[in-house]
Amino acid sequence: MTRPYAAAALVAAALALTACSADSEETAAPAVRTKPVLEAGQPNPMIAQGVVIANGAALYKTSGIGPIVTNKAAREGSPEFYIDTTQFTGGVLPPGVTVTEAQGMAVLSRIKENLEAQGLALDNVTTMRVFLDNAPGADRADYAGWNRAYRQYFANTNLDSGDTELVPLGTAVPAAPVVRNAARPTRFALEVASLPVAGWLVEVEVDAV
């Protein structure tokens, strides 16, 4: 091969490699922005032990969100005042459903709307902070009711099979959750002496990536 032909061949190879590289970059899957760290051996853990967030990921943080007034038939400022009547017709709770559970579902529905307004979804949530007040006459916060509400919107798929996990509403037979969502954020839930709005039993803030 003469020198000019050899040079041309090298240039053509370089261009081909550059084109292949560009094509591979364009077709490469988007970088993983988050990775939950889950306890081994659990097919349906409730929360993550931690979440790794990639450098450069965009982070969105909500304020504390509580339920809004929809049940105007109830006494103003009472916990029942904040039962979502679109979820529970007439503000009437099915057997075993607690007011904390109902408020928790109302709050998570509002968080869903908040995220969607920013082009995000519940499965973008990486961290959740939950503040619970005890219902009137109760000695402590209703963690069981809150956890049932949480499972209606989060952590309700089986990691081994990919199937949707059925979730109880109160004491009813477990059924399909309100939102199918595999996300398991890091989370804490704690009881506080009071929340800023009279009648609130649940306030939640989240981080989403």
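Residues are numbered from 1 along each chain as its sequence is written, and side-chain values use heavy atoms, with hydrogens and water left out. As the model is a prediction, local features are reported at pLDDT of at least 70 and side-chain atom pairs at pLDDT 80 or more, whereas totals for chains, interfaces and linings use all residues.

The secondary structure of the protein consists of 3 helices and 6 strands, where helices (H or I, at least four residues) and strands (E, at least two) are DSSP runs numbered from the N terminus. The order of the elements from the N terminus is α-β-β-β-α-β-α-β-β. Of the 209 residues in the protein, 37% are buried; buried means under 20% relative accessible area, exposed over 50%, and partly exposed in between, with a 1.4 Å probe and protein chains only. Contact is defined as heavy atoms within 4.5 Å. Among contacts between residues at least 6 apart in sequence, 69% join residues at least 24 apart.

An open sheet is formed by 4 strands in the order β3-β6-β4-β5, with mixed pairing. Two strands are taken to pair if DSSP finds at least two bridges between them. The edge strands, each pairing on one side only, are β3 (60–61) and β5 (186–191). Strand β3 is joined to β6 by 2 bridges in the antiparallel sense, and Y60 has A208 of β6 as its bridge partner. The pairing of β4 with β6 is also antiparallel and extends over 7 bridges; here L132 stands opposite V202 in β6. Between β4 (residues 125–132) and β5 the pairing is parallel, over 6 bridges, and F131 stands opposite L190 in β5. Strand β6 is mostly covered, with 6 of its 7 residues buried.

Helix α2 (residues 99–116) lies across β3, β4 and β6 (202–208) and runs at about 30° to β6. Axes are lines fitted to C-alpha atoms, for helices over the stretch in contact, and angles run from 0 to 180 degrees between N-to-C directions. At 1.5 Å a residue, the 18 residues of α2 should span 26 Å, which agrees with the 26 Å between its end C-alpha atoms; the expected span is 1.5 Å times one less than the number of residues. Because 13 of its 18 residues are buried, α2 is largely enclosed by the rest of the structure.

V99 is located in helix α2 and counts as buried at 16% relative accessibility. Not counting residues up to four places away in sequence, V99 touches P79, E80, L93 and L201. V99 and W146 are 47 residues apart along the chain, and their C-alpha atoms are separated by 9.4 Å. L115 also belongs to helix α2 and is buried, with a relative accessibility of 0%. Leaving aside neighbours within four places in sequence, the contacts of L115 are Y60, L120, A121, L122, V125, V206 and A208. L115 and A208 lie 93 residues apart in sequence, with a C-alpha to C-alpha distance of 8.1 Å.

Helix α3 (residues 143–151) packs on the sheet and touches β4, β5 and β6. The direction of α3 makes about 150° with that of β5. The buried residues of α3 are G145, W146, R148, A149, Y150 and R151, and their cover includes α2, β4, β5 and β6. The loop between α3 and β5 contains A155. Most residues other than glycine have a negative phi. A155 has a positive phi of about 55° although it is not a glycine, and A155 is buried, with a relative accessible area of 0%.

The largest pocket holds about 270 Å³ of space. On a 1 Å grid over the protein atoms alone, a pocket is an open set of points where a 1.4 Å probe fits, with protein on both sides within 12 Å along at least five of seven lines, and lining residues have an atom within 4 Å of a point. Grid points are joined across faces, edges and corners, and the volume is the space filled by probe spheres set on the points. The lining of the largest pocket comprises 15 residues, of which T34, P36, D123, A183 and R184 lie nearest its centre. The elements that give two or more residues to this lining are β1 (34–37) and β4.
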